[in-house]
Amino acid sequence: MTEQENTSDVRLRTRVWSVLRALVFVCVIIFIWEGWTTMACSFVGIALIMGWVNLFQLKSQEIEKPYYRLWLNTIDGFLQFIVMTSIFVRDLIQNESAEKILGVGCAVLLARLIAHTLFSLGVLREGKQLPRKRRWSKLANLSVTITMGVYLLNLENFQQIMMVVSILLIAASTAAYAYWYYRDPAHRKPLSIASQLTMSRIVLTPFFLWVFFYDNDLDYSNNNIVFKVLALVMVLGFMLTDFLDGKLARSMGEVSTLGKYLDPFSDKISNMTIFMCFIATGYASVWMVALIYFRESSVETLRTLAASEGLIMPARRSGKWKTALQGIGIVAILLGAIEPVRALIPGFESIWHQFPIIVMGIITAITLISGIDYFYASKHILKKFV
């Protein structure tokens, strides 16, 4: 069998699998409305296996023709949205209430479906090739299917966890798709890898807010340990990308004006969001975060004034210490909020209630000292305006 015949054979099998998976989802929708939960769960399991085979075994996304792939993906995404919406509406009818996060998940699925379909059509009409389905996108599709099963089985301890994981994977796959688009010189000027890392902090910051308050309870100590660990991992990711974006920009010769402004902006967005979460849950006082915000906004204003005069305001060592200390303090508080971690440190449990406030007090003091240092070192800039 020639390579062309083999490719045609695989394409035929992937299309058959896709059609059968669509029919399985139709059956799931019918079973949900008929109240046959066991059958619905069984068919969701079948859809999960078929999706795995299609994406990772047959690798349909790599060999399928562009327009076929677009419409097969659109139909699959639409049916996933209908299944999740059916679960949401069923809960509303039966219990007169439904989880807000399930409703948000349905909205995210619909937004992703519309945006992906319209965007892909535009790319194909320009005569461009669609990108291959990345691993994040494949994992997002499988995660959504697993989430369906978790909600159908009414596994309350895992429903919100799986929905948040699915939404994060959808966000990651969307970011990967956008990254492919902006890298393509035929479309527009590509964004550097450093700028992509910087932008990832801005994109993921609202998801940190969501993870922190996923249960709509301001008391962070009540959060599931999985979400506490996820919040900690996200903060570590913020710190890692903050370190890498500048290092990569310098090593690859991709230092840009956009990056110079975007990097401090993304830092302020992520850190201030975390500090406001700390206020809500009692880990920080309002006056502490207000002083930190005053320092950050004042220094940014000073930097803007310097730029307007064509002057460069270099980063101060105190500013680097401030950034490092803020990151260490945030990680220390989030680590301490995890009960098994507190149990490993003798006597830590007895001081835990004062620990976050003490750490935030130190962060506030160092942040203010750094601000004073910046203003003292920038007297020549202030003289031009005062």
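Residues are numbered from 1 along each chain as its sequence is written. Because the model is predicted, local features need pLDDT of at least 70 and side-chain atom pairs count only at pLDDT 80 or more, while totals for chains, interfaces and linings use all residues, and side-chain values use heavy atoms, with hydrogens and water left out.

The chain contains 16 helices and zero strands (DSSP runs numbered from the N terminus, H or I of at least four residues for helices and E of at least two for strands). Its mean pLDDT, the predictor's confidence in each residue from 0 to 100, is 78, and 79% of the residues score at least 70. Confidence is highest in helix 15 (residues 355–377), with a mean of 90, and lowest in helix 3 (residues 60–63), with a mean of 57.

Of the 386 residues, 43% are buried (under 20% relative accessible area, with exposed meaning over 50% and partly exposed in between, for a 1.4 Å probe and protein chains only). The accessible surface is about 20,500 Å² (Shrake-Rupley method, 1.4 Å probe; for residues, only the protein chains shown count as cover), and carbon and sulfur atoms account for 67% of it. Contacts are defined by heavy atoms within 4.5 Å; among those between residues at least 6 apart in sequence, 77% join residues at least 24 apart.

Leaving aside residues up to four places away in sequence, Val-28 touches Ala-40, Phe-43, Val-44 and Val-83. Its C-alpha atom is 9.9 Å from that of Ile-82, 54 residues away along the chain. Leu-20, also in helix 1, is partly exposed at 42%. Leu-20 belongs to a nonpolar surface patch with Leu-12, Val-16, Val-19 and Leu-23, which together have about 450 Å² of accessible area (patch residues have over 30% relative accessible area and no salt bridge; like charges are joined within 9 Å, and nonpolar side chains, namely Val, Leu, Ile, Met, Phe, Trp and Tyr, within 5 Å).

In helix 15, Ile-363 is buried, with a relative accessible area of 1%. Beyond its sequence neighbours up to four places away, Ile-363 touches Phe-275, Ile-292, Leu-325, Gln-326, Gly-329 and Ile-330. The C-alpha atoms of Ile-363 and Ile-330 are 9.3 Å apart, across 33 residues of chain.

Turning to charge pairs, seven salt bridges are found in the whole structure (a side-chain nitrogen of Lys or Arg within 4 Å of a carboxyl oxygen of Asp or Glu). One of them joins Asp-76 and Arg-21, at 2.7 Å from N to O. Asp-76 is in helix 4 (residues 66–95) and Arg-21 in helix 1, so this pair ties together parts 55 residues apart in sequence. Both partners are buried, Asp-76 at 16% and Arg-21 at 6%.

Another salt bridge pairs Lys-268 with Glu-300, with the closest N and O atoms 3.9 Å apart. Because Lys-268 lies in helix 10 and Glu-300 in helix 11 (residues 286–308), the pair ties together parts 32 residues apart in sequence. Lys-268 is buried at 19%, whereas Glu-300 is partly exposed at 25%. Arg-295 and Glu-296 also pair, at 2.8 Å between the closest N and O atoms. Through shared partners, salt bridges join Lys-268, Arg-295, Glu-296, Glu-300 and Lys-322 into one network.
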